[in-house]
Amino acid sequence: MKKGIFGLVVLASMLFMTGKEAFAQYEDDMVKVYRWYSSVDRNYVTLAEGEIQEGQLLQWKYKDKTLLFFAYKTPGPNRVAVYRWTNPVTKDQVSVAGDFVPDADMMQQGYTLKTLQFYAPIRRSENHVAVYNWLKVKAKDWVTVPEFGDTDKYIKKGWRQKTFQYYGIMRDDVASRR
């Protein structure tokens with residue numbers, strides 16, 4: 001009888017530990033994705049946490065850091081690579097899904113410095129939110145916007161060409177800010 005109880009306790013402990021390890025592994029693969037605004041260049045940039053040091057961004061006069069969603073650090077099934085492209089002439093930076101626009105088209109539009117940022121889900125799920133890029137034609141600026149709340153307010157501010165990119169992962173720390 002004592003061996004049976006002891007065996008159940010050991011089994012329960014093993015299951016609990018394995019679950020915690022799996023959760024920790026999931027947590028290690030997640031990265032926060034933020035939007036920053038440049039008061040100098042008057043445009044937005046989407047950055048994964050740690051992609052550029054926060055102190056450097058503040059020194060460059062970026063402000064209004066906004067947590068948008070979470071994404072993955074590593075590739076996996078049903079994930080797309082997301083890249084940041086920079087246009088040195090317009091000083092615009094845009095984050096796009098890897099399969100959205102061919103590299104040759106981005107370069108023809110003046111974008112360079114293609115940088116891998118993160119991996120995003122391509123399938124809708126319970127905790128996923130659609131992520132779009134909006135273009136402000138006059139300023140040639142792109143902004144990344146998750147689809148919650150009144151996103152059509154961007155039309156009133158001159159943003160056009162709302163284009164689906166991928167899904168972001170919603171977590172409690174993002175949902176509580178909405």
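How do the residues of the lining of the largest cavity divide into nonpolar, polar and charged? I looked this up before anything else. They divide into five nonpolar, five polar and no charged. For the classes I took Ala, Val, Leu, Ile, Met, Phe, Trp, Tyr, Cys and Pro as nonpolar, Asp, Glu, Lys and Arg as charged, and the others, Gly among them, as polar.

**Ground rules.** I am working on a predicted model, where local features need pLDDT of at least 70, side-chain atom pairs count only at pLDDT 80 or more, and totals for chains, interfaces and linings use all residues. Residues are numbered from 1 along each chain as its sequence is written, and side-chain values use heavy atoms, with hydrogens and water left out.

**Overall layout.** I found five helices and nine strands in the chain. Both are DSSP runs numbered from the N terminus: helices are H or I with at least four residues, strands are E with at least two. Along the sequence I read the pattern α-β-β-α-β-β-β-α-β-β-β-α-β-α. Of the 178 residues in the chain, 38% are buried; buried means under 20% relative accessible area, exposed over 50%, and partly exposed in between, with a 1.4 Å probe and protein chains only. I also checked contacts (heavy atoms within 4.5 Å): among those between residues at least 6 apart in sequence, 66% join residues at least 24 apart.

**Cavity.** I used a 1 Å grid over the protein atoms alone: a cavity is a set of points where a 1.4 Å probe fits but cannot get out, a pocket is an open set with protein on both sides within 12 Å along at least five of seven lines, and lining residues have an atom within 4 Å of a point. Grid points are joined across faces, edges and corners, and a volume is the space filled by probe spheres set on the points. That gave me one cavity of 30 Å³ or more. The largest cavity has a volume of about 40 Å³. Its lining includes Tyr-44, Gln-93, Asn-133 and Trp-142. Strands E2 (43–48), E5 (92–97) and E8 (141–146) each supply at least two residues of that lining.

**Pocket.** The largest pocket holds about 220 Å³ of space. I counted 13 lining residues, with Tyr-37, Arg-42, Tyr-44, Lys-136 and Trp-159 nearest the centre of the pocket. Strand E1 (30–38), E8 and helix H4 (153–156) each give at least two residues to the lining. By class, the pocket lining has six nonpolar, no polar and seven charged residues.

**Strand E4.** Seven of the nine residues of E4 are buried, so I noted the strand as largely enclosed by the rest of the structure. E4 pairs with strand E6 (residues 112–121) in the antiparallel sense over seven bridges; strands count as paired if DSSP finds at least two bridges between them. Arg-84 has Thr-115 as its bridge partner in E6. E4 also pairs with E5, antiparallel over six bridges, and there the partner of Trp-85 is Val-94. Four residues sit between the strands in the hairpin of E4 and E5, where Lys-91 takes a positive phi near 65°.

Thr-86 lies in E4 (residues 79–87). Is Thr-86 buried or exposed? Thr-86 is buried, because its relative accessible area is 14%. Leaving aside neighbours within four places in sequence, I found Thr-86 in contact with Asp-92, Gln-93, Gly-110, Tyr-111, Thr-112 and Leu-113.

**Glu-49.** I placed Glu-49 in the loop between E2 and helix H2 (54–59). Glu-49 counts as partly exposed, because its relative accessibility is 47%. Glu-49 and Val-33 are 16 residues apart in sequence but 6.0 Å apart in space, C-alpha to C-alpha. Beyond four places in sequence, the contacts of Glu-49 are Val-31, Lys-32 and Tyr-34.

**Aromatics.** How many aromatic pairs does the structure hold? I got seven. Rings of Phe, Tyr and Trp (its six-membered ring) pair if their centres lie within 6.5 Å, and planes under 30 degrees apart count as stacked, over 60 as edge-to-face and the rest as tilted. The rings of Phe-69 and Tyr-166 have centres 6.0 Å apart and planes at 70°, so I logged the pair as edge-to-face. Phe-69 lies in strand E3 (residues 62–72) and Tyr-166 in strand E9 (residues 160–169), so the pair ties together parts 97 residues apart in sequence. Phe-69 is buried at 0% relative accessible area, and Tyr-166 is buried at 1%.
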